[in-house]
Amino acid sequence: MLKPSAPKRQARNGLPLKAKWARDWQMVLLMIPGVLFLLVFFYLPVIGNVVAFQDFQPYLGIMHSEWNGLQNFVNLYDNPDFWDALRNTLLLAGVQLLLFFPVPIGLALIVDSLVSNRFRKWFQTIAYLPHFLSWVLVVTLFQQSLGGAGFVNNLLRHAGLDPIPFMTNPDTFPLLVVAQLIWKDAGWAMIIFLAALTTVDVSLYEAAAADGAGRWRRMWHITLPSLRTVIVLLLILRIGDILSVGFEQFILQRDSVGPGAAEVLDTFTYYAGVVGGDWSSGAAAGLAKGVVGALLLWGANSLAHRLGEPGIFQKRGVS
Amino acid sequence: MRPVWKESPSPGYQAIKAVILGGFALVIVIPILVVISTSLASDKDIINAGGYVLWPSHPTFKAYQTLFSGGLMGRAILVSVFVTVVGTAIALAVTIALAYATSRPVLFGRPVLLMVLFTLLFAPGIIPMFLVVKQLGLLDSLWSLILPGALGAFNFVVLRTFFMNVPGELLESARIDGASDFTILRRIIMPLSKAVIAVVGLFYAVGFWNAFFNALLYLNDTSKWPVQVILRTYVLQGKSLSADQLGVHPPPQPQSLQMAVVVVALVPIAMVYPFLQRHFTKGVITGAVKG
């Protein structure tokens, strides 16, 4: 009996795989370098996270180190330094969210309502620049300005006042950190709100004005609501990132204010793992942070969907 | 044109806005100016001013001559330039190829796209990253600063979004004329996307130039340190550069020298950035909205 021949494997748009390959082989070649980079420098390290479940010994390597299950996580749980780092991270993230987040929105509203285009361009040029400077440079500039021998304290001394320890006081460290963040990134973060403001339908303003709404009412009832989608989107991203408060910024200032105030999860990972040689604890802290961060991002995004906002990942998948 | 429904600008509000924005701009500019001035100031200026100079009365390039005359800092500048140039070239090539290949409905396009987008969600962590770099034998090699940064998901999304907006008819007609995908990428897509490629190139270049933590993590050999690590060690932490490390005797006033290091870290960025600034909004928005 003759079996009906199995249908040829069909690609989605109807072409057989072979024909698709003949058509697309160059495109596939173009993907290869990028895919290799992803495999080696992203997916391989992702798998390398198994050291979090091992008693990892560098001279034995991943293959020969002993497995110890969740012991590293239990150790973390019992480690007061880890809890300090977590508390600092959440505190700093909270302060950043509260004090940093509104600044770019405010700046964008002011810039958008400016009459002079020249002043506007001039301001944008200056405000974007610090985003491109490294954290080392930003912290250095702060130190030269506000440090014990910096020029602000020089001025204070000339005026016969006592110098203020801006850069070394652990109690005011969160404020210093936010000031640095605003200095570096508030201007840049403004860009996305400015872009959203250019898409607002002018006829809305016109209609509101015809109905007698003054400039404050127009801002409250038209400008701010039209920014809502972007604000929600950025809040979600920020929440997903809440456990990464800014690694370099803290590692650079950890020595001057002390780990009590400046130790965050990332610096804990670095000091425990790479510096202290306790690779498994470091990896466990890093993995816990990565997983919780991804979950937070996912949770915040589905919350946004529930509130009827588009969020970052569209429901029908990425494209 | 001012729309008729808008009230005329009120002088009071205009003044408040100008003060807020002007103040913000001044706070950004003044520290940078002070640093540049101090780096150019003569020893006498610095001693008279007690540390910082707002305007050098006798500008001198002595500090820069010292830096560029070799030694640790001279090498660091070379290292940073090498990492930035080679890194940006590699990263652009890899990202452009991948972004173009996934911007059309092609074989394996979708799984590869998901592979990239997943990197936005989860970070592999410092320790496993360090172990991989170590296993590959890249410790104490400049490639450890270049290769892990060769594909940025955000830059990928910016480029891909732009490529997707190139009309398909254009590519179709090129294909009918016998052009291969390689030719289309080189002769049609890339010339059309010069501006956005330039912006993404700037983003990559800034990233490589600013590389600090990777250098701290992967490079023990001080002769391979890039500018940012020097900046941290000798300016922020205040270790003094000895005459040997500078290759010059006697070294100039430490203050102007330190400020010159700051300026060297700063100037390359301040120089390219104004040329690309007008393209920022477009690039950032296409990336952010579609990402």
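This is a predicted model: local features need pLDDT of at least 70, side-chain atom pairs count only at pLDDT 80 or more; totals for chains, interfaces and linings use all residues.
Q: What radius of gyration does chain A have, against a compact globule of 319 residues?
A: Chain A has 26 Å, while a compact globule of that length would be near 20 Å. The radius is taken over C-alpha atoms, and the globule rule is 2.2 Å times the number of residues to the power 0.38.

Q: OK. What does the C-alpha trace of chain A span along its principal axes?
A: About 100 × 65 × 35 Å.

Q: And how many helices and strands does chain A have?
A: Chain A has 15 helices and two strands. These are DSSP runs numbered from the N terminus: helices are H or I, at least four residues, and strands are E, at least two.

Q: What share of chain A is buried?
A: Buried residues are 50% of the 319. Buried means under 20% relative accessible area, exposed over 50%, partly exposed in between (1.4 Å probe, protein chains only).

Q: Which residues of H14(A) are buried?
A: Helix H14 of chain A covers residues 265–275, and nine of its 11 residues are buried. Among them are Asp266(A), Phe268(A), Tyr270(A) and Tyr271(A). Just after H14(A), Gly277(A) has a positive phi of about 80°.

Q: Which domain annotation covers residues 86–300 of chain A?
A: The unreviewed UniProt entry gives "domain: ABC transmembrane type-1" there. UniProt positions are in the numbering used here, feature names are shortened, and annotations may be inferred rather than shown by experiment. In the model, residues 86–300 of chain A are 78% helix and 0% strand, with end C-alpha atoms 20 Å apart.

Q: Switching to chain B. Where is Ser80(B)?
A: Ser80(B) is in helix H4 of chain B, residues 71–102.

Q: Why does Ser80(B) count as buried?
A: Because its relative accessibility is 2%.

Q: What is Ser80(B) in contact with, beyond four places in sequence?
A: Trp209(B), Pro226(B) and Val227(B). Contact means heavy atoms within 4.5 Å.

Q: Which parts of chain B does UniProt call "transmembrane region"?
A: The unreviewed entry lists several spans, including 12–36 and 76–100. Residues 12–36 of chain B are 100% helix, with end C-alpha atoms 36 Å apart. Residues 76–100 of chain B are 100% helix too, with ends 35 Å apart.

Conventions:
Residues are numbered from 1 along each chain as its sequence is written. Chains are lettered from A and ligands numbered from 1 in the order in which they are written. Side-chain values use heavy atoms; hydrogens and water are left out.
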